[in-house]
Amino acid sequence: MVTLSNGGAYLVNGKDIVLADNEEAAKAALGTKYISREEAAKNTIAYGILKNHNTSGDMNKLQIKFDKLTSHDITFVGIIQTARASGLEKFPIPYILTNCHNSLCAVGGTINEDDHMFGLSCAKRYGGIYVPPHQAVIHQFAREMLAEGGKMILGSDSHTRYGALGTMAMGEGGPELVKQLLSQTYDINMPGVIAVYLDGEPAKGVGPQDVAIALIKAVFANGYVKNKVLEFVGPGVKNLSADFRIGVDVMTTETTCLSSIWQTDEKIQEFYDIHKRPEAYKELNPGEVAYYDGVVSINLSELKPMIAMPFHPSNAYTIEEVNENLEDILHDVEEKAKVSFGDKIDYKLTDKIVDGKLYVEQGIIAGCAGGGFENICAAADILKGKDIGADEFTLSVYPASTPIYIELARNGRLAELMETGAIVKTAFCGPCFGAGDTPANNALSIRHSTRNFPNREGSKIQNGQISSVALMDARSIAATAANKGFLTPATDLDMEYTNPKYHFDKTIYDRRVFDSHGVADESVEVKFGPNIKDWPKMPHLTDDLILKVVSEIHDPVTTTDELIPSGETSSYRSNPEGLAEFALSRKDPEYVGRAKEVRAAEKAREAGESIVDALPEIESVIAKIKEKFDIDETKTGIGSTIYAVKPGDGSAREQAASCQKVLGGWANIAQEYATKRYRSNLINWGMLPFLYDSEELPFTNGDYLFVPNVLKAIQDKVDVVKAYVVKEDGLKEFELHLGELTEHERSIILEGCLINYNRANR
């Protein structure tokens, strides 16, 4: 079904894989077509696009400038505020501000619409594009109106993936977009490129989410594609429609890859024709002989309907496996849940077994993954003439854009869906990040959306509230709905899909979307609501650091949503201090209070006041340090740090890092960072991304750590940093690593954050 190569491989003529365990074997297999790995690596689609956007002149050390930027209403206020504080005068490239995350939230009074008005005024003042609430989710608007073959887009949402359309797109934290707004670059080492080799054709009833879940299952845990570019090639590509490819592509984020790109053909050309942008199409294919750092081979014909059980897209099975092994699999999920929830809650799934079948209470087809035209039409075909019943099970459908909604109304599918008892809603990302259709307590929801992390669907463990999400394709969700909530794969149904043709009408965009066409109007005053606050002043890095460990997390992976919960908390996204109150609130409710206690000492130090008065316990800590080191207390920063095994999986939201910084955080300590974007967020907020490579920690929660000469270590490009645990019987030495840092990243850390860096270099 899905196999991984043990090493690199050559792709010949776009169809033949030649494994390259060693160079001699490759020479023998390729014959006269043989070229070196280094030369053949330049023939990937990814290499060509990156080369065209690299400004460094060195393809090993890339400095990328993107063609377009896009953000939504959880992220654009903080990004623009950061850029304004850094000297922004005009958006130098198209910057699209969409409003699809807080468009239905009712928390906080006027603050959601206040942010929308902030975005509209900024689009006018700085020369951007503004998409009002309910018009489109961020990624569908980008597909319809922004993507272009061979171009690059940077978005402040982790699912920024338009590779199926020939656009290499990346999702990053807000500060990386700030750099682009200030005409700086996105700096990375040349990433590895992994071929995703597709063969065969999906069976009837198998959809894009099934392919995506199978891919994620194969590569997530082993890190096979982490921070690499996935390049989709092979004879199976032509057997997938544009919508199908898009549905697979958007989910590649959950593999932890850096980006994605696909070979393009007449079906993608037709997509651009349908969307009235034929000039945006570009045929993309790898060269005659291209070398890849690995190969993921997928036989589409062998795939079956999949389900990703709580609480990760990689916790995947075929629906058939689940139905055959209900007790065992559900019990396994319950056991895994204890890792995250401990004894905070009595989590149960086995009680969903009714008469030997799995009963679910909710179905959702939504957002950038599920809300596409083909997915919804397929669901309508399955449900035509049926109903979802009058029991607990509910079904909600969110078309990904108003043009899709309009076409569903015109072709009759909208009415057919609503006749079943399903509710069809406007374009909204809420079901994906926890701000819409939160299930009942102890309920199980099946969703064609992007994530099913703990707490993401609206659970509040500290309040005794828990619900679960499993990911499935729209087709099997519809089959389950037709079966009144009992888990059913779409392949069990004997039916024909109508596959209606899509007609795109952008009239509503012409009428409602504000487009400055790149013209900035300085006369426009930016509109500030009462909840929109400036970033607090951030201190520069000091000679030495005293850090208190204020949270210790030993889960195998810690998601962004556990570091800063999504859902209703995101209403405070434009108020750094207000949002920081929610940091780790569903993972470690004591974190904020502990961090604030330490922050009080640092604020006292900065003000030239007594740090002991602010934090009495620091007196004995400093006394112990002075037994070994002669420190200048005015040049010794005092802050907090957290430890997590592998933090930062999932969302690109910078607030996972910025909230820690606002609360006085100076560092993270981890065995590894789950994503490049989370590590970049730490650095851009002036936090040290320390690594500690052993599970046996020399410190525990509540301990103080002393890191001497840290300023000099950054200046001298040192990797290994000596640190000490402050104990009653003295200092216990251990080593931390910083990992590779670019010159730009070192400068940002030294200045204390990206805002300080830009102010200093304005």
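The dialogue below takes up a sheet, a helix and the nonpolar cores.

A: This is a predicted model, in which local features need pLDDT of at least 70, side-chain atom pairs count only at pLDDT 80 or more, and totals for chains, interfaces and linings use all residues. Residues are numbered from 1 along each chain as its sequence is written, and side-chain values use heavy atoms, with hydrogens and water left out.

Q: What is the order of the strands in the open sheet of 6 strands?

A: Strands of a sheet pair through backbone hydrogen bonds, either parallel or antiparallel. Here the order is β9-β8-β5-β6-β7-β25, with mixed pairing, where strands are DSSP runs of E, at least two residues long, and helices are runs of H or I, at least four, numbered from the N terminus; two strands pair if DSSP finds at least two bridges between them. The edge strands, β9 (168-171) and β25 (514-515), each pair on one side only. Strand β8 (residues 152-155) pairs with β9 in the parallel sense over 4 bridges, and I153 has A169 in β9 as its bridge partner.

Q: Why is helix α14 described as largely enclosed?

A: Buried means under 20% relative accessible area, exposed over 50%, and partly exposed in between (1.4 Å probe, protein chains only). Because 10 of the 11 residues of α14 (residues 373-383) are buried, the helix is largely enclosed by the rest of the structure. Just after α14, G385 takes a positive phi of about 80°.

Q: Which residues touch the most other members of the largest nonpolar core?

A: In soluble globular proteins, nonpolar side chains tend to be buried together. A nonpolar core is a set of buried Ala, Val, Leu, Ile, Met, Phe, Trp, Tyr and Cys residues joined through side-chain atoms within 4.5 Å. Of the 127 residues in the largest one, L198, M309, V322, Y347 and L395 touch the most other members. A second, separate core of 54 residues includes M59, L69, Y95 and L284.
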